Each structure stands twice: as C-alpha cells, then as structure tokens.
Amino acid sequence: LGQPVGISLAWAAWAIGLGLLGAVLAVYTGMAFKILGRIMGVFKDRVIERVLVAGLIIAVVCYFIPELLFSGESSIHLIIDNPGQYGVAMLLLMGLLKPLLLALSLKSGYLGGPLFPALFMAVMVALAISLLAPGVPLAILVACLEVGVVTLLLKAPLTAILLVAVLAGVGTDATMLGLITVSAVTSLIAGRAFEKLMARRQTAEEPVDSPAAGTPGP
C-alpha cells in the first residue's frame, strides 16, 4: 500500500476521522446482524427453508457482483490493484453489501466469521475515499479504517492494532503505528459513547414500575 511521508497534523486528523468512520461501519455491521437475525427468526425451526432462501439471495447478489463471494480475501487484491475500474459508487456498494451478506449467511445457519468480511468492507470504503481524495496515502486510509472497524467489532484495541499492522505490512513503521493507534482509540471512545447513548435510550423507553401519580400503592 506504500508508506506516508513523515507525520503531520493533517495525517493525525485523518486518523481520527477514519477512526470515527470505522466505528460507524462497525455499528452498521452490528445492526445488520440484529435486523437479519430478526428476519431469519421468522423461519423458526424450518432450517431447510431458511438456508434455501438465504442461499438464493446470496447467489443472486454474487452472480452480479462475484467479488463479494466468500470472505473476500482473494478478490480484495484484484480490487486494490485497480480501484478506478469500479468507481466510487460500486466500491461503496460492495462495502455496504458485504456485512449484510455476512449477517444473512450466519443468521441463516452457514458457518464463518466476521473478521475478513469486515476488513473487506473497510478496504472498499477506503478505496472509495482514495478516489475522492487522491492526495491522502492509501496506507493511511486502509490501515486506519481497518483498525477502526476491527477495534469496535472485537472490543480489543491492542489486538486490532497488532492485526492490522501485520496485515497491512506497516508493523515496523513508527508513523503508521502511531496513526493506527490514534484511529483505534478514537473508534473505541466513539463506541463507548454510542453504547452509553443506547443504554440511556433503552432506560428511557422502559415502563415505569412505580404506581401512577395519585394512585394508591398496594
């Protein structure tokens, strides 16, 4: 992916922004799992029907976009080599479809894990941003967005930093290690803030157990 030239406040600002975006993508993935889990729950114990419906949907989508097949580990290299041939819209579409297909697969009974599909999503969005902002090093876009997503999904920032440092090939670059650390911390803080917000919202929506005003208690 190449290396950035030195470190600056601009790259640090990009790391913070990408960390926030990574947190948003991680939350989007979690929502996809909840929504698809409810939809697949309609089938209850009808396992065969559930698997067939999910398989049909996945087959139709991947027939038109074969890059979304499997974990995306193999197709991701071809896309990185020439993102311009896909364009911003297609890259974003593939990035947003990947967690939906992942959630559909797992909630319908297929086996797999979220890590590589999440990385695929992050890379697609990073490549789309690179087409819009060609002056930003691709290494920063990919690594910082990846670590932002993985940090919140695993809720393990150190693991996410080490994993992305190895996968992105920036493990010995002090500048990149600093930037992905900033991105990971930003994502973690944003995730904690979102969890507190949802907890407050849930508490506000819970019915009050105490008797209504003016009504005598038991």
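Predicted model: local features only at pLDDT ≥ 70, side-chain atom pairs only at ≥ 80, totals over all residues.
Visitor: Which helices supply the lining?

Guide: At least two lining residues come from each of helix 1, helix 6 and helix 8. Helix 1 gives the most to the lining, with 7 residues.

Visitor: Let us turn to the core. Which residues of the largest nonpolar core touch the most other members?

Guide: That core has 57 residues, and those touching the most other members are Leu68, Ile79, Leu91, Met94, Met124 and Ile180. Eight elements, helix 1 (9-40), helix 2 (47-64), helix 3 (75-81), helix 4 (87-108), helix 5 (115-132), helix 6 (138-154), helix 7 (157-167) and helix 8 (174-205), each contribute at least two residues to this core.

Visitor: And which helix gives the most to this core?

Guide: Helix 5 does, with 12 residues.

Visitor: What is leucine 68 in contact with, its neighbours within four places in sequence aside?

Guide: Leucine 68 is in contact with Val61, Cys62, Met94, Leu97, Lys98, Leu101 and Phe120. One of these partners, Met94, is also listed among the core residues that touch the most other members.

Visitor: A change of topic: how many salt bridges does the count come to?

Guide: The count comes to 2 salt bridges. In one of them, the side chains of glutamate 195 and lysine 155 meet at 3.0 Å, N to O. Glutamate 195 belongs to helix 8 and lysine 155 to the loop between helix 6 and helix 7, so this pair ties together parts 40 residues apart in sequence.

Visitor: Are these two partners buried or exposed?

Guide: Glutamate 195 is partly exposed, at 38% relative accessibility. Lysine 155 counts as exposed because its relative accessibility is 57%, and the cut-off for exposed is over 50%.

Visitor: Which side chains meet in the other salt bridge?

Guide: Those of glutamate 49 and arginine 46 do, at 3.5 Å, N to O. Glutamate 49 is partly exposed, with a relative accessible area of 40%, and arginine 46 is partly exposed at 41%.

Methods. Residues numbered from 1 in each chain as written. Heavy atoms only, no water. Core = buried A, V, L, I, M, F, W, Y, C linked by side-chain atoms within 4.5 Å. Buried < 20%, exposed > 50% of the residue type's maximum accessible area, 1.4 Å probe, protein only. Helix = DSSP H or I, 4+ residues; strand = E, 2+ residues; numbered from the N terminus. Contact = heavy atoms within 4.5 Å. Salt bridge = Lys/Arg side-chain N within 4 Å of Asp/Glu carboxyl O.
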